[in-house]
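Please open the model in the viewer and keep the sequence at hand.

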Amino acid sequence: MAASIREKQTAALKRMLNFNAPPMKNTAAEPVWKVLIYDRFGQDIISPLLAVKELRDMGITLHLLLHSDRDPIPDVPAIYFVLPTEENIQRICQDLRNQMYESYYLNFISAISRSKLEDIASSALGANAVNQVTKVFDQYLNFITLEDDMFVLCNQNKELISYHAINKPDIMDTDMEIIMDTIVDSLFCFFVTLGAVPIIRCPRGNAAEMVAVKLDKKLRENLRDARNSLFTGDTMGAGQFSFQRPLFVLADRNLDLATPLHHTWTYQALIHDVLDFHLNRVSMEESAGHEASPAGARPKKKNKKSYDLTAADRFWQKHKGSPFPEVAESVQQELDTYRAQEDEVKRLKSIMGLEGEDEGAISMLSDNTAKLTSAVSSLPELLEKKRLIDLHTNVATAVLDHIKTRKLDVYFEYEEKLMSKSTLDKSLLDMISDPDAGTPEDKMRLFLIYYITSQQPPPEADLEQYKKALLDAGCDLSPLNYIKQWKAFTKMAATPANYGNSGVKPMGLFSRVMNTGSQFVMEGVKNLVIKQHNLPVTRILDNLMEMKSNPETDDYRYFDPKMLRGSESSIPRNKNPFQEAIVFVVGGGNYIEYQNLVDYTKAKQGKRVLYGCSELFNASQFTKQLSQLGQK
């Protein structure tokens, strides 16, 4: 099986940190100590993939931001990992003039232009540092991998390529070109790193089509330039991919605006929805203890705490797509098994009268303590386990608080019914005017989903009534203004997206989590189990991947950058179903769609699907963008 994109990007970074030589096999040799200089973009690419400890193992003693005040370290090689922007290049030239480091390995995140290279060369000449600039590399790594099967284009100035930026009514053609070029540059980097030339499919007449046309052109130009092609030679030849090329489906956010607003019920998507979850790191405010502070004392400052949810965390890998009640149950189980093991260590210690002794002394005792030694040797493992359990207990508790205070289970169930057109058990107006249910934003999201998924917009009189109720609940109505225009526009263009018959089955209240010893007080929260159904993005992928004929996708354009003449046809030459596919949403994506694709792929034997998006937003960030558009 081909390596995942996360493994490939990590391997490319490790090669770069080893001065662009493949990392040495014999680990006995001491690594060459060096410093790593990156900009914010480089930092975002590295941080989800390599921990500080891994950097240290590779000989990185210091990692610094390019634009921070750095002291010269004249006897150490420096590896730069930055975007080739004007100010970055100037700063590098300044470093050369100041003779900051012993030698310079310049790695650019995406390709550097000829003129900027000449700038560096001339300042190296001027600073008499030509011999020190050892290597200059284009790394083609301008994208951020978050999971084995998920990537996003950028995190720093993502508002430049956001849904809002692409859909502004007053956008100039030149601005649109810049946005498209930025997206295409990153996608090109993605395919270079993946080591495959895809077959591109996209709908007609929107931003996704513009991206497809430009990407096809860029791949084609690179393939034609045989000497410098990035898709030939040793990088590709090692049979990394099955013989079949991957399918690349470009979708446009406008094809489904309901899903990004949807309240969700799976662990990872919930964390992204209600907590501050960024590049695989959750930041939470620690609730200060309940002890009363003495009168007149300043209230305790809340500590910010952040947790990394990584690939190494087995619990996370197993449960990030599970419905929340299941997660709460599993955390509880883990906690119970951990407690049993912990008691075992204490018990063994006390039998031997060693309660207070330190671990080192214990391990020196003779072999009648073999039992104890095995307990002690598993301590580090137990402690790591405990750290992960604490992490998930804290995160899950924080999520649960949101579910309970905002009645998110009720919202989730109600929206699923709206999206699958099933009968509703209480009127929308009641939900909106219920003061206990959710924040104004929750109510707005619910109403927008209702509006987007309804076949006919509600009659004016009803709409006024809804608007009044929303205003009374404290909602900002500007997102609705935009959605109204959008709906009027798409109605001319296409039929509303169909969300499949999803349906949620309530499973009775929580059985095991309800027992008294549980960390999680789940009273009143519904135990909902999700039935598998395909969201629009997944359905489109399914049609194109399995070569199904469907009016929704039949007129999607077809590009094959390897064909010499770019013949414009929507007739696929390839009649076989694809084994590997990448879905990319122009205008932003979310964990709900990602999870839906993961579930879809699980059901298909031997298929692999990657999900990518131009930015990753949660519902409240998306609502903000809609309201900016609505204020225009």
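Select helix 18 (residues 440-453) and helix 19 (residues 460-472), which pack at an angle of about 165° with their axes 11 Å apart. Helices here are DSSP runs of H or I with at least four residues, strands are runs of E with at least two, and both are numbered from the N terminus. Axes are lines fitted to C-alpha atoms, for helices over the stretch in contact, and angles run from 0 to 180 degrees between N-to-C directions. Helix 18 and helix 19 are therefore roughly antiparallel (over 145 degrees). The model is predicted: local features need pLDDT of at least 70, side-chain atom pairs count only at pLDDT 80 or more, and totals for chains, interfaces and linings use all residues. Residues are numbered from 1 along each chain as its sequence is written, and side-chain values use heavy atoms, with hydrogens and water left out.

Next, display the side chains of K443, M444, F447, Y450 and Y451 on helix 18 and of L463, Y466 and L470 on helix 19, which make the contact (heavy atoms within 4.5 Å). These residues comprise 7 nonpolar, no polar and 1 charged (Ala, Val, Leu, Ile, Met, Phe, Trp, Tyr, Cys and Pro are nonpolar; Asp, Glu, Lys and Arg are charged; the others, Gly among them, are polar).

Now move to the open sheet of 3 strands, in the order 10-11-12 with antiparallel pairing (pairing requires at least two DSSP bridges between two strands). Select strand 10 (276-278) and strand 12 (303-308): each stands at an edge with a single partner strand, so one side of each lacks a neighbour in the sheet. Neighbouring strands are turned by 25° against each other on average, direction ignored.

Finally, select strand 11 (residues 281-286), joined to strand 10 by 3 bridges. F277 stands opposite V282 in strand 11.

Technical notes: Angles under 35 degrees count as roughly parallel, over 145 as roughly antiparallel, 65 to 115 as roughly perpendicular and the rest as oblique.
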